[in-house]
2 protein chains.
Amino acid sequence: MNTVPTKSDIDQAHERIKPYIHHTPVLSSSSINNLTGSSIFFKCENFQKIGAFKARGAMNAVLSLSKEDLANGVATHSSGNHAQALARAAKLMGVKSYIVMPRTSPEIKKNGVRAFGGEIFECEPTLSARESTLADVIRKTGATEIHPFNNYDVIAGQATVAKELFEEVRSLDFILAPVGGGGLLSGTALASKYFSPGTKVIAGEPAGSDDAYRSMQTGKIEEAQSDSVADGLLTTLGDKTFPIIKENVQEIITVTDSQIITAMRLIWERLKVIIEPSCAVPFAAVLKEKNMFIGKKVGIILSGGNVDIDRAMKLFAMQ
Amino acid sequence: MNTVPTKSDIDQAHERIKPYIHHTPVLSSSSINNLTGSSIFFKCENFQKIGAFKARGAMNAVLSLSKEDLANGVATHSSGNHAQALARAAKLMGVKSYIVMPRTSPEIKKNGVRAFGGEIFECEPTLSARESTLADVIRKTGATEIHPFNNYDVIAGQATVAKELFEEVRSLDFILAPVGGGGLLSGTALASKYFSPGTKVIAGEPAGSDDAYRSMQTGKIEEAQSDSVADGLLTTLGDKTFPIIKENVQEIITVTDSQIITAMRLIWERLKVIIEPSCAVPFAAVLKEKNMFIGKKVGIILSGGNVDIDRAMKLFAMQ
């Protein structure tokens with residue numbers, strides 16, 4: 001897809017990926033609602049295949065390729081959930097996947113990719129090393145690149161999270177998603193525009209990597225820093241995601257690591273679900289700007305649950 | 001209700017409690033299925049109101065009382081989830097609840113009861129002290145006792161967990177529940193008999209309190225011990241629950257504390273849900289008797305998620 005996804009594109013993406021993804025549940029907690037004074041509906045993509053919403057975008061992108069583009073497999077660079085999501089999508093289609101990963105990636109993430117038959121190419125942990133290694137791999141294999149977020153088919157896939165939430169819970173006043181590269185947020189913004197135009201779209205972003213917040217201020221893409229416990233959100237926006245976000249997202253709320261960890265623990269304790277630090281960011285935003293949400297119906301996308309239990313415990317112990 | 005619940009009793013219980021409970025989701029995990037070689041469907045009552053299936057039985061019992069029996073409120077003795085469940089049901093009906101709790105109960109559990117307006121009577125942590133204190137309370141208040149499990153209305157309420165699972169997942173080969181006093185297990189057994197007669201019912205029980213296992217061997221109710229991390233399952237069966245279990249449960253599998261904690265951690269890590277130790281017992285049973293379940297469709301009731309995160313961490317660290 002070479003243009004911003006339309007309503008029909010998102011409908012089609014949803015039909016296309018349905019056989020390959022979980023329709024994830026929406027949970028709520030009286031205890032959390034009492035705490036915030038709002039009525040919150042959590043869309044639990046931490047229960048999605050590979051433990052994160054990324055399964056949707058990668059699946060839609062791979063299913064949307066022509067036979068020719070698919071023939072030599074797919075490739076990406078990713079240190080996180082998109083790597084597993086793409087390897088899984090490729091395996092389901094019976095083609096090869098080539099994943100460029102920083103050599104510093106945890107062994108557990110590399111094993112996740114290998115479990116889906118993905119071939120890993122290690123590189124230095126810098127963006128330029130990742131990009132040049134990927135270019136090499138593509139030259140040698142003829143694989144098609146599937147970018148983690150700056151890809152309209154990926155964005156249309158991620159939009160199906162909010163679409164499902166809007167179908168299940170009507171008349172949300174707000175919907176919140178985290179923002180890193182902006183794939184989930186731009187998809188959420190489009191889904192809201194098409195399927196629930198009365199709903200305001202808000203993003204949560206780590207204060208230690210507040211490039212999306214700054215980009216909204218300056219009107220151009222600002223570079224991400226990388227100082228946050230929310231390690232899935234340390235990415236700069238793309239030229240496909242930013243324009244959609246700029247036009248359709250009302251506000252970006254930044255939160256500190258301490259606020260993120262507090263929110264994460266509350267969700268573990270009250271909602272009884274395991275989420276990773278990046279996933280706690282939108283709820284941390286609601287807790288920070290409580291007054292904005294009092295008496296409102298609020299949808300929050302829980303993006304993923306891939307966190308090592310021991311690491312989470314260390315974070316909680318630091319608070 | 002003075003007789004064993006019929007199919008129609010369970011149908012009516014379900015209709016009666018629906019407005020007051022969550023229809024909880026069923027989750028599955030490819031990673032867990034790969035590990036066990038079976039196809040497991042987890043019915044997540046840890047997401048139920050008050051964090052456990054007990055919300056169902058207490059609600060059905062209270063809703064089934066006559067106006068007269070309800071007028072002076074309801075009473076029980078409980079150190080656990082039934083206390084909160086009954087206080088909540090009473091509050092929803094606008095009547096008082098009187099809860100006898102051992103003075104050693106954690107403050108968090110007492111606060112849970114108080115949050116629903118329950119009046120707490122503390123006693124020594126022995127069964128005889130609990131029973132005599134409850135008798136006193138009932139004499140003084142005229143409240144109606146709602147037993148945590150030895151009550152047919154409670155059993156009919158708990159049966160709705162398995163009923164919902166059977167409605168969502170057809171042709172299960174097995175369904176597993178934990179067993180303490182036997183309220184959930186006897187309800188599950190009846191639901192299976194009426195709604196999915198081809199499904200075999202299996203219970204998981206802590207080896208350190210294997211009274212249900214021994215009761216099945218001897219044919220009479222054996223006393224519970226109290227040596228297990230699964231603190232919700234240290235209860236002796238009742239004269240209403242045992243006959244149903246004896247007739248309809250195929251097997252009771254006992255598991256050690258170490259097996260329980262391993263199973264609990266796997267569910268946290270792979271299924272991404274927080275469960276309490278007692279809740280991990282049936283999955284521990286599947287891991288222990290793996291061959292029995294290979295290639296089978298298996299339903300597991302996750303009974304509750306009320307565990308202190310710090311305590312869970314200590315358990316994991318002990319392994």
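## A parallel sheet in chain A

In this predicted model, A:A75 stands opposite A:E145, a residue of strand β6 of chain A. The two strands concerned are β3 of chain A, which covers residues 74-77, and β6 of chain A, and they pair in the parallel sense over two bridges. As background, the strands of a sheet pair through backbone hydrogen bonds, and this pairing can be either parallel or antiparallel.

The pair belongs to an open sheet of four strands in chain A, whose order is β5-β4-β3-β6 and whose pairing is parallel. Strands β5 (119-123) and β6 (144-145) of chain A stand at the edges with a single partner strand each, so one side of each is left without a neighbour in the sheet. Helix α7 of chain A, residues 127-141, packs on this sheet and touches β3, β4 (97-102), β5 and β6 of chain A, while its direction makes about 170 degrees with that of β3 of chain A.

## Two domains in chain A

The domain assignment of chain A gives domain 1, made of 7-52 + 152-318, and domain 2, made of 55-145. The C-alpha centres of domain 1 of chain A and domain 2 of chain A lie 24 Å apart. To the contact, domain 1 of chain A gives 21 residues, and domain 2 of chain A gives 15 residues.

On the side of domain 1 of chain A that touches domain 2 of chain A, the elements that give two or more residues are α1 (7-17) and α8 (152-168) of chain A. The largest share of that side comes from α8 of chain A, with eight residues. Sorted by class, this side of domain 1 of chain A has ten nonpolar, eight polar and three charged residues.

## How the two chains are related

In general, two copies of a chain are related by a rotation about an axis and a shift along it. Here, chain B is superposed on chain A by a rotation of 180 degrees with 0.0 Å of shift along its axis, and the RMSD is 0.0 Å. That is the relation of a two-fold axis. Among the residues of chain B, B:V273 comes closest to the rotation axis, with its C-alpha at 2.2 Å. The same surface serves both copies, in that 100% of the contact residues of chain B recur in chain A.

In the contact between the chains, 15 residues of chain B meet 15 residues of chain A. The elements that give two or more residues to the side of chain B that touches chain A are α12 (257-271) and α15 (309-318) of chain B. By class, this side of chain B has nine nonpolar, three polar and three charged residues.

## Strand pairs in chain B

In chain B, strand β1 (residues 26-27) and strand β2 run antiparallel and are joined by two bridges, with B:L27 standing opposite B:F42 of β2 of chain B. Strand β2 of chain B also pairs with strand β10 of chain B, residues 297-302, but in this case the pairing is parallel and extends over six bridges. One residue of β10 of chain B, B:K297, is the bridge partner of B:S39.

## A buried histidine in chain B

Is B:H77 buried or exposed? This residue lies in strand β3 of chain B, residues 74-77, and it has 25 C-beta neighbours inside 10 Å; the cut-off for a buried residue is 20 or more, so B:H77 counts as buried. Leaving aside residues up to four places away in sequence, B:H77 touches B:V100, B:R130, B:E131, B:T133 and B:L134. B:H77 and B:S64, by contrast, are 13 residues apart in sequence and 20 Å apart in space, taken from C-alpha to C-alpha.

## Two residues with a positive phi

Most residues other than glycine have a negative phi. A:K272 is not a glycine, and yet it has a positive phi of about 65 degrees. This residue lies in the loop between α12 (257-271) and α13 (281-288) of chain A, and A:K272 is buried, with 23 other C-beta atoms within 10 Å.

B:I50, which is not a glycine either, has a positive phi of about 55 degrees. It is found in the loop between β2 (39-44) and α3 (54-64) of chain B, where B:I50 counts as buried, with 25 C-beta neighbours inside 10 Å.

Definitions and conventions
Residues numbered from 1 in each chain as written. Chains lettered and ligands numbered in written order. Predicted model: local features only at pLDDT ≥ 70, side-chain atom pairs only at ≥ 80, totals over all residues. Pairing = 2+ DSSP bridges. Contact = placed C-beta atoms within 7 Å. Axes fitted to C-alpha atoms, helices over the stretch in contact; angles between N-to-C directions. Least-squares fit on C-alpha atoms with pLDDT ≥ 70 in both. Buried ≥ 20, exposed ≤ 12 C-beta atoms within 10 Å, placed from the backbone. Domains from an automatic or database assignment. Nonpolar A, V, L, I, M, F, W, Y, C, P; charged D, E, K, R; others polar.
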